[in-house]
Amino acid sequence: MPATPADRPSSGPIPTALTRGAAVAHPFLLLTAVRTGPYRSTELRLFLTAVAVGLVLPLARRNPLAALVPLLAGLLAAATTRPDAALLYLPVLAADAVVGRIAVHHPPRILVPAALGALAVQIAAATYTTSGQDVFVSTAVALALALLTAGLLGRSVRERRDHTAELRAATTAEAVAAERLRIARELHDVVAHSIGVIAIQAGVGRRVIETQPAEARNALATIETTSRETLAGLRRTLGALRGAADDGRPAPRDPAPGLADLERLAASTADAGVRVELRHLGNRDGALPPEIDLAAYRIVQESLTNVVRHAATPTCRVTVERRTDTLLVEIADDGRGTPGAESGGGYGLVGMRERAALLGGSLTAGPRPGGGFHVTALLPLPEGAP
């Protein structure tokens, strides 16, 4: 799996150029480091070697394949001067670490050639710093084992990341499947009886339309009334489904809450230790469709629950803006954020996204650049809404 953009720090052209320039300069600096110093001071040369290796680390983080080339070039160039073997330990360890990072972000078809190339260069460098066949063989074996260890550690990290991603995807899929099942149950309760009544009345009307027109008109009136009530109930149900109990029982038949209840919600949140600053922008007089009103309330409610549980902050801000064709709901805090939110979030965030998607809207959630967390929902308003 190649490195994703999330794995690589974003930077502009100037930092990128500096990073690559430092890596290109590494072989020359390393060669100078192993040959410098008054009386060829070992301590000074070790320090300069560490500085030369450090120049490659930014590129190794962004692109380990590209960083491996100057590391190996510098190692081989320095080895040709036949320095003390201790001076090459750090460059060798750095190359092994880069191979391990390659194992994390790249498949075996890229890892194996890179590891074999690194091993070949390290063994070639060992020919300049070892004397005697026994020492050379033991050094080559140690180099191979070190590279193998780095590769295995990198593969282990990669497999753990893949497994975590698969578990997260499976958990999200289970949450979606459970919610769909709950929707099916609720829709059955709302629709089944009404469709049965409509079917019966349609049959009655068809049979008596010629002989008893009055009865036929009554049947059609019943069908009209029932269908309108069913459509209204479906709209309410799509908004109220998330208000159902966790064990799958139908949502209570009490009047559904809405944005008019935010003051009460803010008061209960304050009792839990988080003061809520409410801001209403735009037209507050026009009534919202019930499903949108409920969805906006539930998004605020779930967000405030996350703030109380995870943010560890005394205040948060809730903004509700009524625009011409959309309703904007934004919740922001300055706390430490919600665990797992960067990687997709838990059931609460999944549920809020589904709620917004059911209404044709969108929801984004994530850390704020200056610290804290924010949730932003855009819910489209139907044409003709006041």
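**Note on the predicted structure**

1. The secondary structure of the protein chain amounts to 11 helices and 5 strands, where helices (H or I, at least four residues) and strands (E, at least two) are DSSP runs numbered from the N terminus. This is a predicted model, in which local features need pLDDT of at least 70, side-chain atom pairs count only at pLDDT 80 or more, and totals for chains, interfaces and linings use all residues. Residues are numbered from 1 along each chain as its sequence is written, and side-chain values use heavy atoms, with hydrogens and water left out.

2. Of the 386 residues of the protein chain, 38% count as buried, that is, under 20% relative accessible area with a 1.4 Å probe, protein chains only. The accessible surface of the chain comes to about 21,400 Å², by the Shrake-Rupley method with a 1.4 Å probe. Carbon and sulfur atoms account for 60% of that surface.

3. Among contacts (heavy atoms within 4.5 Å) between residues at least 6 apart in sequence, 72% join residues at least 24 apart.

4. Helix α1 (residues 13-33) packs with α4 at an angle of about 15 degrees, their axes being 8 Å apart; axes are lines fitted to C-alpha atoms, for helices over the stretch in contact, and angles run from 0 to 180 degrees between N-to-C directions. That angle makes α1 roughly parallel to α4, a term for angles under 35 degrees. The crossing is right-handed, meaning that the near helix is turned clockwise from the far one by less than a right angle.

5. In this pairing, Ala23, His26, Pro27, Leu30 and Leu31 of α1 meet residues of α4 that include Pro70, Leu71 and Gly74. The contact residues divide into 10 nonpolar, 2 polar and no charged; Ala, Val, Leu, Ile, Met, Phe, Trp, Tyr, Cys and Pro count as nonpolar, Asp, Glu, Lys and Arg as charged, and the others, Gly among them, as polar.

6. Helix α4 (residues 64-79) also meets helix α5 (residues 89-105), the axes coming within 9 Å and crossing at roughly 160 degrees. The two are therefore roughly antiparallel, the term for angles over 145 degrees. Their crossing is left-handed. Residues of α4 including Leu68, Leu72 and Leu75 meet residues of α5, among them Val98, Arg101 and Ile102. This contact comprises 13 nonpolar, no polar and 1 charged residue.

7. Thr305 lies in helix α10 (residues 290-311). Thr305 is partly exposed, with a relative accessible area of 27%; the term covers values between the buried limit of 20% and the exposed limit of 50%. Thr305 and Thr269 are 36 residues apart in sequence and 8.0 Å apart in space, C-alpha to C-alpha.

Conventions
Parallel < 35°, antiparallel > 145°, perpendicular 65-115°, else oblique.
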